[in-house]
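Hi,

Here is the structure I promised to pass on.

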Amino acid sequence: MVSFWHGLVALLLTTYQVFFVPYSCGDATTYAGYLILVNSGGYFLYDVAGMYCFGLLEKDMALHHGLCIGGIIIVLLSGHDACHVVSGLFVAEVSNPPMHMRVMLRNLGKRYTLAYELAEYCYFVLFFFGRII
């Protein structure tokens with residue numbers, strides 16, 4: 001559930017930042033950009049700690065989360081160009097809410113419902129256009 005809420009909050013904040021806050025290369029990090037990076041960095045730390053505690057942390061996921069946390073720290077310390085990382089987060093997070101909705105509906109025994117099918121199609125379309133293209 002934490003992952004769902006992080007994805008939703010990150011998507012809403014990055015959507016605002018990407019579409020409504022003009023930026024160019026070298027701009028100082030905005031307050032919204034700072035909040036987005038702190039939110040996502042905190043989530044990555046939480047996720048690594050949770051996977052470690054439950055014995056689910058594998059090398060590839062540790063490397064992935066470590067690189068994400070390191071990149072966020074570098075951008076926060078530099079004080080500029082967070083807009084580019086925020087744009088990347090937008091692309092990465094755009095498909096997460098329907099992905100989590102599919103899992104929640106499946107766990108509730110609603111696999112063969114219209115809601116599940118809609119969530120599944122939304123997920124695949126957003127994943128394809130957001131991450132593959």
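Below is what turned up, starting with the helices and ending with the pocket.

A word on the ground rules: this is a predicted model, where local features need pLDDT of at least 70 and side-chain atom pairs count only at pLDDT 80 or more, while totals for chains, interfaces and linings use all residues. Residues are numbered from 1 along each chain as its sequence is written, and side-chain values use heavy atoms, with hydrogens and water left out.

Phe4, His6, Gly7, Ala10, Leu11, Thr14 and Gln17 are the buried residues here. They fall within an arc of 165° seen down the helix axis, so they line one face of α1; the arc is taken from the directions from the axis to the C-beta atoms. Leu12 and Phe20, on the other side, are exposed. For the cut-offs, buried means under 20% relative accessible area, exposed over 50%, and partly exposed in between, using a 1.4 Å probe and protein chains only.

What covers that buried face? Among the elements doing so are α2 (31-53), α4 (82-93) and α5 (96-107). Alanine 32 sits in α2 and is in contact with Tyr16 and Gln17, leaving aside neighbours within four places in sequence (contact means heavy atoms within 4.5 Å).

On to α5, which has 12 residues and reaches 17 Å from first to last C-alpha, close to the expected 16 Å. Its buried residues are Asn96, Pro97, Pro98, His100, Arg102 and Leu105, and their cover includes α1, α4 and α6 (114-132). After α5 comes glycine 109, with a positive phi near 80°. Aspartate 81, in the loop between α3 (59-78) and α4, also has a positive phi, near 65°, despite not being glycine. Most residues other than glycine have a negative phi.

How many aromatic pairs does a search of the whole structure find? There are 8. Tyrosine 123 and phenylalanine 127 have ring centres 5.7 Å apart and planes at 45°, so this pair is tilted. (Rings of Phe, Tyr and Trp, the last by its six-membered ring, pair if their centres lie within 6.5 Å; planes under 30 degrees apart are stacked, over 60 edge-to-face, and the rest tilted.) Both residues lie in α6, 4 residues apart, or about one turn. Tyrosine 123 is buried at 12%, whereas phenylalanine 127 is partly exposed at 27%. Elsewhere, ring pairs link Tyr43, Phe44 and Tyr46 into a cluster.

Last, the largest pocket has a volume of about 360 Å³. Of its 18 lining residues, the closest to the centre are Tyr43, Phe44, His64, Glu93 and Asn96. Helices α1, α2, α3, α4 and α5 each supply at least two residues of the lining. A pocket here is an open set of points on a 1 Å grid over the protein atoms alone, where a 1.4 Å probe fits, with protein on both sides within 12 Å along at least five of seven lines; lining residues have an atom within 4 Å of a point. The volume is the space filled by probe spheres set on the points, which are joined across faces, edges and corners.

Cheers

Conventions:
The expected span of a helix is 1.5 Å times one less than its number of residues.
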